[in-house]
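Dear colleague,

Please find below the structure that I am handing over to you. My notes on what was found in it follow directly after.

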Amino acid sequence: MDREWLRTILRTGTAILFFLLLPAFAFADGPQPVPSIFAPASTPASDIYSLSLFVLAITGGIFVVVGGLLAYVIVRYRDKGDDSDKREPAQIYGSTQIELAWTVIPILIVVVLFLTTARMIFAIQDAPKPPDALDVTVVGHQFWWEFRYPKLGIVTANELHVPLSTNKDPLPTYLKLYSADVDHSFWVPQLAGKTDLIPNHPNITWIEPKSTGLYLGQCAQFCGVEHAEMLLRVYVDTPEQFAAWVKNQQQPAVEDPQVAAGRQVFETESCMNCHTIRGTAATGRFGPDLTHLMSRSTIASGAVPNSEANLRQWIKDPDSFKPGCLMPAMQLTNQQLDEVTAYLETLK
Ligand code: HEC
Ligand SMILES: [Cu+2]
């Protein structure tokens, strides 16, 4: 093997490696771990997963055959540096057999891929909805999620709770998707495929999680500057956990006289124009419902953990966590910040 040849292989190899590793660099310092589409935990996601394996097998087969032939030809017929290959090879024109083969085989492959995919899409879309399925209305906002449970009288944000579905007791959750402003996309890879939230065009999707735990996702449609921090958290609870969560969410906010000063800040510094706290005069709907803010483990749509320090910093200057988000810095004094944070901390 001569030098030039070796250099070509090295150069090509480095380029291929670089492109394969590129996604790893892109996500390396992301705000949350990238959930895998190869670890489904819910019915539509596992159907999509098996379909993707089928498609990968076919396209992988094509890659191996084409790549193999290409590699063989490159090695076998490379310039040997002598005159042994200066003669023109036999020229073949208009071979009906060859042309038919390279037209019909790809068409058949595409038809198979198309039909299996279309069948899967319709099977998921037309799945009959059981009467006891849980209904949730999801409203996409720049840059957070509103979750309403119409039959349960619950409104919350950013962290969706749904019950576990077992084979013995199937309990899917049907999500009706709306948008308050621009296009968003609901995507929790381990639970279901992406479904867009389009203004004036409600979409429906469903999930049927088969194991408990926290599933991460995010908005998958570019919706503005903070699109990348419009994260999603879905908690799949056991029936008992879910019932307890529902019971707590249905309560109005408890009134604690010790934090009356903070509550007054909330009601006089226009917080209540944008936020609802059930059981108080605050009924704003531009921002997340804060009635049970402390039942959530993150704030600002999963951007930061819900700690006292983060909460105070968020109210002081929301842009310090989410530059360009739609909550303004309300220019509160340090004392007002302490008071309103103490008040919010009581919203269990
Ligand atoms: C102009 C409307 C507006 C005003 C006024 C406003 N907020 Fe907000 N607030 C928002 C929006 C929008 C978000 C969601 C931001 C995001 O996640 O992108 C938000 C988020 C929050 C959150 C995080 C909620 C969560 O679960 O993620 C808290 C806490 C909060 N606001 C408290 C306050 C307080 C306290 C005040 C008054 C000092 C206030 N807000 C004033 C619009 C407003
Ligand atoms: Cu979005």
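**Findings**

Ala300 is located in the loop that runs between strand 11 (298–299) and strand 12 (304–305). The model is a predicted one, and in it the phi angle of Ala300 is near 60 degrees, a positive value in a residue other than glycine. Ala300 is also buried, because 24 other C-beta atoms lie within 10 Å, where the cut-off for a buried residue is 20 or more.

Asn158 likewise deserves a note. This residue sits in the loop between strand 3 (154–157) and strand 4 (159–163). Asn158 is buried, with 21 other C-beta atoms within 10 Å.

A further backbone feature is the cis peptide bond between Gln142 and Phe143, with omega at about 5 degrees. Phe143 belongs to the loop between strand 1 (134–141) and strand 2 (144–149).

As to the chain in general, the protein has 8 helices and 12 strands. Its radius of gyration is 28 Å, well over the 20 Å that the globule rule gives for 348 residues, so the chain is more spread out than a compact globule. The C-alpha atoms fill a box of roughly 95 × 50 × 35 Å along the principal axes. Of the 348 residues, 28% count as buried.

The largest nonpolar core holds 55 residues, of which Val136, Val138, Leu191, Val234 and Leu344 touch the most other members. At least three residues of this core come from each of domain 1 (3–125) and domain 2 (257–344). Beyond its neighbours within four places in sequence, Val234 contacts Leu160, Val162, Val188, Leu191, Tyr215 and Gly217.

With kind regards

Notes
Residues are numbered from 1 along each chain as its sequence is written. Chains are lettered from A and ligands numbered from 1 in the order in which they are written. This is a predicted model: local features need pLDDT of at least 70, side-chain atom pairs count only at pLDDT 80 or more; totals for chains, interfaces and linings use all residues. Helices (H or I, at least four residues) and strands (E, at least two) are DSSP runs, numbered from the N terminus. The radius of gyration is taken over C-alpha atoms; the globule rule is 2.2 Å times the number of residues to the power 0.38. A residue is buried if 20 or more other C-beta atoms lie within 10 Å of its own, exposed if 12 or fewer, and partly exposed in between; C-beta atoms are placed from the backbone. A nonpolar core is a set of buried Ala, Val, Leu, Ile, Met, Phe, Trp, Tyr and Cys residues joined through C-beta atoms within 7 Å. Domain bounds come from an automatic or database domain assignment. Two residues are in contact if their C-beta atoms, placed from the backbone, lie within 7 Å.
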